Amino acid sequence: MLVPLYGQEYRSRKKMDSQSEWQRKDWVKVRGVPMICSCSSNWERIDNFQAREEDIIIATYPKSGTTWMSEIVDVILNDGDTEKSKRDAIFNKIPMLEFWVPGVVPPGCQVLDSLPSPRVVKTHLPVSLFPKAFWEKNCKIIYVARNPKDVAVSFYHFDKMNQLHPEPGPWEGYVDKFIQGNMGFGSWGTHVKEFWALKQERNILYMFYEDMLEDPKREIRKVMRFLGKDLSDDVLEKTCLHTSFKAMKENPVTNYTAIDSSIMNQSVSPFMRKGICGDWKNHFTVAQNERFDEYYQKEMSGTDLSFRF
Ligand code: PPS
């Protein structure tokens, strides 16, 4: 029996019995892209996913502001009614397409099949693994990108607390793994560049985490426009307050505390960790920073994409 991820029912024997099958497993490559082991089988489910024209996709490399954007979109679609946004945990309102823990958490695509339109879909899949139906149906895609140094730091703390990921090992070697693209969902550079290259010809709103931090109202307004919503300044103000880091950290809908500690152990590191730009300065050594700058320059050469650190 599959049990929902949210609530008491989830804390069942079934999960306890099967946890050695999915805890701390190495990434498994799907067409060359390292994937969370428990999510990697029966990939036809992703290839054959039935998209709908009204679907709104939130696509990101991990740790780039997915949850923040998800809650913003949810509030906007509810015309600023933040009470409605409390109806369920973020991962149930906006399921992650590729997520699956067989026998414990049902596949995201199956949950999505049962939702009414307009559905909002979370995904970390790179362009190479994107279901083709999203392109065929010309779905609206909101892509959020974040500077890779802060992504690496956030991912490191997340790997430490997320039992579905392999142990990250010491920070010393982590930056090199990131540079090599030996991370869940593969290379950061490939991810951000491929969506950037498609944004002219496709229905993509390309957003930056650092811009959202700098001026959340300005950035939320862009999302409203993209979603075809002309909401009042009051609604904008409300959305902004409801989706501030502090509010989302305290909100059980958005802070992932509803997930059992056998999957996310928040005593190791909270999901809502710091929510700032520049925490990399507290982690990178001078030598790591030099190697990383070289990697970044190489990745960005030949594109007009750039990040703020
Ligand atoms: S995931 O697991 O990949 O879906 O994670 P994701 O949501 O993409 O990224 C998590 C990081 O985003 C930060 N966050 C926020 N920052 C600012 N404001 C708000 N409202 C907000 N919500 C989430 C979260 O703290 C993670 O970043 P770090 O640097 O680890 O704090």
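1. Which residues of α14 are buried? In this predicted model, they are Q288, N289, F292, Y295, Y296, E299 and M300. Viewed down the axis of α14, these buried residues fall within an arc of 125 degrees, so they line one face of the helix.

2. Now turn to the other side of α14: V286, E290, E294, Q297 and K298 are exposed there. As for what covers the buried residues of α14, the cover includes α7 (148-161), α8 (171-180) and α9 (188-198).

3. A word on the geometry of this helix. α14 runs over residues 286-300, which makes 15 residues, and its first and last C-alpha atoms are 21 Å apart, close to the 21 Å expected at 1.5 Å a residue. Just after α14 comes G302, with a positive phi of about 85 degrees.

4. T67 places a polar side-chain atom 2.5 Å from an oxygen atom of the ligand. For K63, a backbone N or O atom lies 2.8 Å from a ligand oxygen atom. A polar backbone atom of F245 is 3.5 Å from a nitrogen atom of the ligand. Taken alone, the ligand exposes 640 Å², and the protein buries 98% of that.

Methods. Residues numbered from 1 in each chain as written. Predicted model: local features only at pLDDT ≥ 70, side-chain atom pairs only at ≥ 80, totals over all residues. Heavy atoms only, no water. Helix = DSSP H or I, 4+ residues; strand = E, 2+ residues; numbered from the N terminus. Expected span 1.5 Å × (residues − 1). Buried < 20%, exposed > 50% of the residue type's maximum accessible area, 1.4 Å probe, protein only. Arc of directions from axis to C-beta. Contact = heavy atoms within 4.5 Å. Polar contact = N/O pair within 3.5 Å; in protein donor to acceptor, adjacent residues only side chain to side chain. Areas by Shrake-Rupley, 256 points an atom, 1.4 Å probe, with all protein chains shown as cover.
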